[in-house]
Amino acid sequence: MSKISRRKLITGGIAAVAGVSGIAVAGKLAKAHGLIPPDCSGIYGPGETLTYAAQRILNHRAMAREFSRSEISANPFANEVAPLGDDFARMQAGGFADWKLTVDGMASRPTVFSYPEIMSFPKVSHTTMIGCEEGWTYIAEWTGVPLSYILDRVGAMSQARYVVYRSIQPDWWESVDMNDALHPQTVVATGMNGANLPVPFGGPLRMRLPRQLGYKSVKYLVHLTLTDNMKSFGKGTGGSASDSGYAWYAGI
Ligand SMILES: Nc1nc2c(c(=O)[nH]1)N[C@H]1C(S)=C(S)[C@@H](COP(=O)(O)O)O[C@H]1N2
Ligand SMILES: [Mo]
């Protein structure tokens with residue numbers, strides 16, 4: 001082996017060589033457990049399958065770390081969003097009484113819930129950290145309706161494998177598998193730090209998944225769809241972030 005190729009092996013190659021067999025094993029395990037993300041064919045595919053499968057096999061019931069109230073960030077950072085538009089402004093002026101959450105797809109009772117109805121559902125609270133892939137984090141107490149409660153109300157069918165969730169902002173939609181959808185810390189958030197969810201943080205309704213990176217916590221939630229297949233959504237990778245090259249499974 002020449003010096004140069006040895007060097008290559010040391011710097012980048014080791015990861016690749018170790019990674020290839022690791023990925024092959026993970027790929028096999030993943031297949032055996034039905035743990036293949038919606039699109040694992042892209043550049044990031046094999047590595048993502050590895051992360052996803054490892055999480056699911058080793059850690060599938062794990063809870064995101066919860067913090068004490070005294071650790072809540074004094075100045076949580078609301079990531080800037082594109083303008084929300086006239087419809088949003090009109091609903092905001094009316095206290096979101098006209099806000100709707102449509103739930104359809106593989107459900108025996110597809111339903112359009114009003115915001116006041118959602119507010120009347122049983123809620124839980126968790127103090128968790130949200131982190132953006134750009135590097136910042138904050139801790140807040142989120143209150144919301146467990147997604148599992150909503151899926152139960154609409155009669156989610158056993159064939160459903162993913163929940164697709166969409167913002168009023170058409171560019172923002174994501175999906176999770178049923179394991180994450182039914183996870184006890186996954187909520188349709190209605191509140192933050194004891195008040196109704198402020199608009200900059202995604203109010204009136206936001207998906208909140210403390211076990212995945214911030215971009216999976218879609219703000220201004222209007223639509224949930226139960227499906228067994230992601231092919232007919234966007235480019236078929238499972239979300240707006242993964243359609244543009246980020247990981248579909250952003251587990252932390
Ligand atoms: N609808 C919508 N949801 C969104 C975003 C957005 O721009 N629009 N940004 C995402 C990103 S990239 C992150 S990191 C988090 C930021 O959450 P925060 O504003 O509470 O910090 O929201 C996510 N959800
Ligand atoms: Mo982000």
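Predicted model: local features only at pLDDT ≥ 70, side-chain atom pairs only at ≥ 80, totals over all residues.
A residue is taken to be near a molecule if one of its heavy atoms lies within 4 Å of it.

**First selection: ligand 1**

Select ligand 1 and display the 19 residues that surround it. The closest are Phe77, Tyr138, Gln169, Arg206 and Lys219. In arginine 206, an N or O atom of the side chain is 2.8 Å from an oxygen atom of ligand 1. In tryptophan 172, a side-chain N or O atom is 3.3 Å from an oxygen atom of the ligand. In serine 167, the corresponding distance is 3.2 Å, here to a nitrogen atom of ligand 1. Taken alone, ligand 1 exposes 530 Å², and the protein buries 96% of that area.

Select Ile150, Leu224 and Leu226, which touch the most other members of the largest nonpolar core, a set of 33 residues. Then colour the elements that give two or more residues to this core: α3 (85-93), β1 (100-105), α4 (115-120), α5 (147-153), β5 (162-167), α6 (178-181) and β10 (221-227). Apart from this core lies another, of 10 residues, including Leu35, Tyr52, Tyr162 and Phe233.

Centre the view on leucine 224. Beyond its neighbours within four places in sequence, its contacts include Leu101, Val103, Leu147, Ile150, Val163, Tyr165 and Met207.

**Final view: the whole protein**

Display the protein as a cartoon to see its 7 helices and 10 strands. Of its 252 residues, 44% are buried. Switching to a surface view shows an accessible area of about 12500 Å², of which 58% belongs to carbon and sulfur atoms.

Technical notes: Residues numbered from 1 in each chain as written. Chains lettered and ligands numbered in written order. Heavy atoms only, no water. Core = buried A, V, L, I, M, F, W, Y, C linked by side-chain atoms within 4.5 Å. Buried < 20%, exposed > 50% of the residue type's maximum accessible area, 1.4 Å probe, protein only. Helix = DSSP H or I, 4+ residues; strand = E, 2+ residues; numbered from the N terminus. Contact = heavy atoms within 4.5 Å. Areas by Shrake-Rupley, 256 points an atom, 1.4 Å probe, with all protein chains shown as cover. Polar contact = N/O pair within 3.5 Å; in protein donor to acceptor, adjacent residues only side chain to side chain.
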